[in-house]
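Q: I am new to this structure and would like to learn how to read it. Could we go through it together, one feature at a time?

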There are 2 protein chains.
Amino acid sequence: MAESSAKRSIIEPRTLKGFRDHLPADALAREWVLDVARRVYRGYGFAPIDTPALEYLEVLTGKGSEETDKQLYRFTDHGGREVGMRFDLTVPFARFAAAHVARLGLPFKRYHMASVWRGENTQRGRYREFVQCDFDTIGTTSGVADLETLLVVHDLFVALGVESFTIHVNDRRLLAGLLDELGLAARQTVVLRSLDKLAKAGREVVAAELAAQGVAAGAAERLLAMAALEGPPRELLAEAGSLAGGSAVAAEGLGSLAAVVEGVEAAGVPAGRLVVDCGIARGLDYYTGIVFETLLDELPSLGSVCSGGRYDNLAGLYTRQSLPGVGGSLGLDRLLAGLEELGRLPDRETPAEVFLVFFDESRLADYLRIAAAMRSAGLAVEFYPEPKKVGTQLKLASKRGHPLAVVIGPDEFASGTAQLKEMASGTSTTLVWQGDADRLAAVVRERITKLPSVER
Amino acid sequence: MAESSAKRSIIEPRTLKGFRDHLPADALAREWVLDVARRVYRGYGFAPIDTPALEYLEVLTGKGSEETDKQLYRFTDHGGREVGMRFDLTVPFARFAAAHVARLGLPFKRYHMASVWRGENTQRGRYREFVQCDFDTIGTTSGVADLETLLVVHDLFVALGVESFTIHVNDRRLLAGLLDELGLAARQTVVLRSLDKLAKAGREVVAAELAAQGVAAGAAERLLAMAALEGPPRELLAEAGSLAGGSAVAAEGLGSLAAVVEGVEAAGVPAGRLVVDCGIARGLDYYTGIVFETLLDELPSLGSVCSGGRYDNLAGLYTRQSLPGVGGSLGLDRLLAGLEELGRLPDRETPAEVFLVFFDESRLADYLRIAAAMRSAGLAVEFYPEPKKVGTQLKLASKRGHPLAVVIGPDEFASGTAQLKEMASGTSTTLVWQGDADRLAAVVRERITKLPSVER
């Protein structure tokens, strides 16, 4: 038997290219961001939904671009059905809304936080499995839903403790109106796609692209001037108005932007958090009204960590009922990369604030009673399962990042005391608990809340 | 244009057989259970991890039974790799542990709550996509980890508000020792599989199966007597000891059970929550020590909603390092079905406690200020986005299950009052806030906490 097990070949425990394991430190950070997002979304009345990871292929390929179709994980299932794994949360939501709108009632606000899969080129540091956190309001064209969308984004970053971020907002109708006036309406998609590159690629590259598309020099000039407009809302709106020309479409865009700016102010968002940025078009044709991106001021090169906008019709592929809406999507992986770069992610591998050392084997029942009291007091407690050397246990507590270790050995039990060791500083203090586990738990809890490292 | 859109064919917004959309009421209940489980798991120091939905096929098929292999969703990916979707969280955890054990350190405690996929026969009300919530401690053979596992299960159901549940615990070594003594060790797997059916199929069916397996009548008698033992731990342990015979293996099993029973008591678990049940074997060969199942007393026919046990070696397929462990798995879908049947799931389609009616269009800025103040006070607030008729808005508030509606029209603004309408009872009260949004928020919050319907 020993022989056969020694000879048995081992399967290499590898993951697929573009896929990752999330170890505790990483998974804790992810759960924290998802919790914060959920709390904020819920605060505005968005309700959770979920949809299957697998859908009929025709549902997924109906809307997607050629690029997403190519990246789709697709196969034939046991029943001979052509199926695919969802590549975003918008297409499943469109299908969901079409199927359930009568039961849901309108307006309807949902959030959906789930994994999506794309067989992308992984060269650019992209993953083939990643999490999206979408929220949308459908069934209303009210500007109140637009401004609430921006309030959600604002509250989300405040709740995440990000102090300096800026929401860049525009309305697609400004550029659309100008394109109309310039006689370029038919080429809107390609032109907007070029203008969208302005911040990254620079004016010369975009000007050359526009020229190659046959846009006259004067028209390109006006488009580039418009796309370069960025700044404090009230000032910018006047300037944008004069540049956009007098079309009714542009006027609608200006009106919606002005209402959003006013509403955001009324709701108490500090000045400076929102800028009007006429260069934002967002690649997709999908958007028809306001569009926005969110940048971390300290890491502008990271790109937008939360984007979205208003659209005219969510689910036209699946129902004849028109479902206008507005929404946004938080890019979890990109945001976490940013927060890590800024040193904003705590370095802990454990959710437990307290590490309870298993010191005196004969006192197991007491340790269990103490751990239970601390948990009743709302603390998360790691109780080491074996009465090993205290040094061995504390070494693990330190590696894992437990903020506080509680050491109670025979002497401490005899004197009704406990050693509290702050793992970051290494300082120990003695506390008196006289065998009263609830009292011990209360003091430990008090101490924990004062430690700087325990924010979440 | 109108013509082409009218003629465009519509894709039917259907889901695959065995897959489901989760609408808000359902999704809220699921998030609630997952939140509670996460809080309890974390309270014991279990840390979150995640693994990819897709794995190399060889990783998944290495361990699985013929049945799971057949149910596996598998295909060839863009890079020509044979891949499969995970069908449980145990195999990915084994692969994960083998890959990362050096970095993680031992003992290591993790929870993992995620979807798994099985192309099962859906006739029996089974789904092809469902969520598992696993927690395991690996790298220790200590009985403390065993009893902590049962404490987690206990705390979990208490936290879920389930008042009457029973954890049935056994140790596989009791039956294994008896089988040894009866000379049936080689047939352990099939015999245990038969005995596992005792509660459901009855004594006669199992006796016939054992006879068909060539188990002598006297031996079958002893096995059946042992498997029928169930009751209060201390009484049962003595009886089990005399039935199990004198083998060293059985003695180990008895010792571990006795330690678990004692520890659970010491940690404050009320008598009656834990019974020793010598009939529990759990189908898998995998388990080698304690095994347990959890039944809702009011719904025994539902079957176990949380099961697990101790195993000798988690990851033998992927590493030569021996990783003993113990853990459990909460069956989210089955538990939710049970809670629903017992009427324990609130009937709400929204997370927002407050529905703020949009009454007077000219007061938008005030409504935004009020909603912001209520959110700052920790309330979730749905603000209706359009100034429609109050009746229309309240109808939606009632359908969705918002506990409280706040109505402030021109008269109320003029007099500094607000109408608070409890949606369940229909009673309205007038409150005075004098334009102070924070004061309004504080009163509404106070009122909300007193409503019986708002437990979570």
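Predicted model: local features only at pLDDT ≥ 70, side-chain atom pairs only at ≥ 80, totals over all residues.

Q: Let us start with helix packing. At what angle do helix H10 and helix H11 of chain A pack, and how far apart are their axes?
A: In chain A, helix H10 covers residues 203–212 and helix H11 covers residues 217–228. They pack at an angle of about 140°, and their axes are 10 Å apart. Angles over 145 degrees would count as roughly antiparallel, so H10(A) and H11(A) are described as oblique to each other.

Q: Which hand does the crossing of H10(A) and H11(A) have?
A: The crossing of these two helices, H10(A) and H11(A), is right-handed.

Q: Which residues of H10(A) and H11(A) meet?
A: On the H10(A) side they are A:Arg203, A:Val206, A:Ala207, A:Leu210 and A:Ala211. Their partners in H11(A) are A:Ala220, A:Leu223 and A:Leu224. Sorted by class, the residues of this contact between H10(A) and H11(A) are seven nonpolar, no polar and one charged.

Q: Now a second pair. At what angle does helix H12 pack with helix H13 in chain A?
A: Helix H12 (residues 233–244) and helix H13 (residues 248–266) of chain A pack at about 175°, with axes 10 Å apart. That angle makes H12(A) roughly antiparallel to H13(A). H12(A) brings A:Pro233, A:Arg234, A:Leu237, A:Ala240, A:Gly241 and A:Ala244 to the contact. H13(A) brings A:Ala250, A:Leu254, A:Leu257, A:Ala258 and A:Val261. The contact of H12(A) with H13(A) has nine nonpolar residues, one polar and one charged.

Q: Let us look at the backbone. Which peptide bond of chain A is cis, and what is its omega?
A: Here is the general idea: most peptide bonds are trans, and most residues other than glycine have a negative phi. In chain A, a cis bond joins A:Leu106 and A:Pro107, with omega about -5°. A:Pro107 sits in the loop between helix H5 (90–104) and strand S5 (108–117) of chain A. In chain B, the bond from B:Leu106 to B:Pro107 is cis, with omega near -5°.

Q: What is the phi of A:Gln434?
A: The phi of A:Gln434 is near 50°, which is positive although the residue is not a glycine. A:Gln434 belongs to the loop between strand S17 (428–432) and helix H18 (437–450) of chain A.

Q: Into which domains is chain A divided?
A: The domain assignment gives domain 1 (24–341) and domain 2 (354–450). The centres of these two domains of chain A, taken over C-alpha atoms, are 49 Å apart.

Q: How many residues of chain B are in contact with chain A?
A: 78 residues of chain B contact 78 residues of chain A. The chain B side of this contact has 40 nonpolar, 19 polar and 19 charged residues. Of the interface residues of chain B, 99% are also interface residues in chain A, so the copies meet through the same surface.

Conventions:
Residues numbered from 1 in each chain as written. Chains lettered and ligands numbered in written order. Domains from an automatic or database assignment. Contact = placed C-beta atoms within 7 Å. Nonpolar A, V, L, I, M, F, W, Y, C, P; charged D, E, K, R; others polar. Axes fitted to C-alpha atoms, helices over the stretch in contact; angles between N-to-C directions. Helix = DSSP H or I, 4+ residues; strand = E, 2+ residues; numbered from the N terminus. Parallel < 35°, antiparallel > 145°, perpendicular 65-115°, else oblique. Left-handed = near helix turned anticlockwise from the far one by under 90°.
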